[in-house]
2 protein chains.
Amino acid sequence: MTDSDDILARQLWALGDTARLRILARLPRNPDCKHRNNVSQLAEDMGMPQPTLSHHLRVLRQAELVSYKRMCRDVYYWLDENAAHDVAKRLCDYVKEHAPKEEADVT
Amino acid sequence: MTDSDDILARQLWALGDTARLRILARLPRNPDCKHRNNVSQLAEDMGMPQPTLSHHLRVLRQAELVSYKRMCRDVYYWLDENAAHDVAKRLCDYVKEHAPKEEADVT
DNA sequence: TCCATTTATTGACATTTTTAAATACATGGA
DNA sequence: TCCATGTATTTAAAAATGTCAATAAATGGA
């Protein structure tokens with residue numbers, strides 16, 4: 001199990017939670033201040049306490065699935081779509097690479 | 001959050017564990033009795049207690065990522081490669097489908 | 001039927017995770 | 001500097017999870 005496999009596992013785990021999937025579905029794909037999707041507004045829209053949201057955002061941040069920037073007092077998160085697709089690709093690669101090579105049939 | 005999103009989350013979670021990723025890397029892609037990869041042998045090869053392995057196999061089974069068949073007293077598991085790829089695809093689709101539609105720029 | 005082998009389940013325990021309130025930290029305006 | 005706003009962290013409690021020993025269940029042979 002390589003380090004990169006550990007990272008893949010951690011990313012899959014981060015994605016494997018309904019609360020976090022719901023959050024991702026709400027995040028824009030680019031830094032976006034036009035719709036006032038700062039953390040507090042997002043928490044209110046989702047009916048989720050702000051500390052709970054911040055916790056999940058940290059998990060997603062540490063898995064490098066989301067990015068963020070601060071503007072004045074607000075923080076804006078967005079989903080790094082490429083990162084998500086990359087996780088999917090690396091999952092497929094992992095499965096392919098580890099396919100045990102078939103030995104000759106015992107005849 | 002639809003039922004199918006719940007299933008996706010559960011599958012991603014099942015994959016997001018290093019022990020289970022290691023197990024998947026050892027499983028053949030088809031029912032394969034030629035290499036004696038039954039549960040006990042796999043447990044021994046991996047240096048993992050058999051109950052621990054059975055536990056993880058159940059998680060993978062319930063996520064419909066592996067299949068198995070019993071032959072005599074042995075049980076043979078294999079990885080359903082299509083299921084794994086399908087999870088990857090559905091993750092990509094989920095991310096794409098929920099991309100918030102960009103409103104016209106505020107000018 | 002009894003026994004040996006293989007796999008699944010149960011039970012116990014420690015660790016991790018989720019949740020949310022309380023609080024700290026950061027920023028900018030008065 | 002003080003205050004208001006927005007976000008992150010700390011803290012605590014409950015729930016979920018991983019591990020593994022003990023045991024049950026399933027199968028087939030003697």
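How many salt bridges does a search of the whole structure find over all chains? The search finds six, where a salt bridge is a side-chain nitrogen of Lys or Arg within 4 Å of a carboxyl oxygen of Asp or Glu.

## Basis of the model

This is a predicted model, in which local features need pLDDT of at least 70 and side-chain atom pairs count only at pLDDT 80 or more, while totals for chains, interfaces and linings use all residues. Residues are numbered from 1 along each chain as its sequence is written, chains are lettered from A and ligands numbered from 1 in the order in which they are written, and side-chain values use heavy atoms, with hydrogens and water left out.

## Salt bridges

In chain A, A:Glu81 pairs with A:Arg29, with 3.7 Å between the closest N and O atoms. A:Glu81 belongs to helix H5 (residues 81-97) and A:Arg29 to the loop between helix H2 (18-26) and helix H3 (39-46), so this pair ties together parts of chain A that are 52 residues apart in sequence. Helices (H or I, at least four residues) and strands (E, at least two) are DSSP runs, numbered from the N terminus. A:Arg29 is buried at 14% relative accessibility; buried means under 20% relative accessible area, exposed over 50%, and partly exposed in between (1.4 Å probe, protein chains only).

In chain B, the side chains of B:Arg29 and B:Glu81 form a salt bridge with an N to O distance of 3.8 Å. B:Arg29 lies in the loop between helix H2 (18-26) and H3 of chain B, and B:Glu81 in helix H5 (residues 81-97) of chain B, so the pair links parts that are 52 residues apart in sequence. B:Arg29 is buried, with a relative accessible area of 13%, whereas B:Glu81 is partly exposed at 21%.

A:Asp86 is partly exposed, with a relative accessible area of 36%, and A:Arg90 is partly exposed with 24%.

The side chain of A:Arg90 also makes a polar contact of 2.4 Å with that of A:Gln11. A polar contact is a pair of N or O atoms within 3.5 Å; within protein, one must be able to donate a hydrogen and the other to accept it, and residues adjacent in sequence count only if both atoms are side-chain atoms. A:Gln11 is located in helix H1 (residues 3-15) of chain A and is buried at 6% relative accessibility. Residues up to four places away in sequence aside, A:Gln11 touches A:Ala63, A:Leu65, A:Val87 and A:Arg90, contact meaning heavy atoms within 4.5 Å.

## DNA strand C

Around DNA strand C there are 24 residues, of which A:His56, B:Ser40, B:Gln50, B:Ser54 and B:Tyr77 come nearest. Sugar and phosphate make up 65% of the atoms of DNA strand C that come within 4 Å of the protein; a residue is near a strand if one of its heavy atoms lies within 4 Å of it.

A polar side-chain atom of B:Gln50 is 2.7 Å from a base nitrogen of DNA strand C. The elements giving two or more residues to the surface near DNA strand C are H1 and helix H4 (50-62) of chain A, with helix H3 (39-46), helix H4 (50-62) and strand E2 (74-79) of chain B.

## DNA strand D

Of its atoms within 4 Å of the protein, 64% belong to sugar or phosphate and the rest to bases.

A phosphate oxygen of DNA strand D is 3.1 Å from a side-chain N or O atom of B:Arg20, and a sugar or linking oxygen of DNA strand D is 3.3 Å from a polar backbone atom of A:Arg73. The elements that give two or more residues to this surface are H3, H4 and strand E2 (74-79) of chain A, together with helix H1 (3-15) and H4 of chain B.
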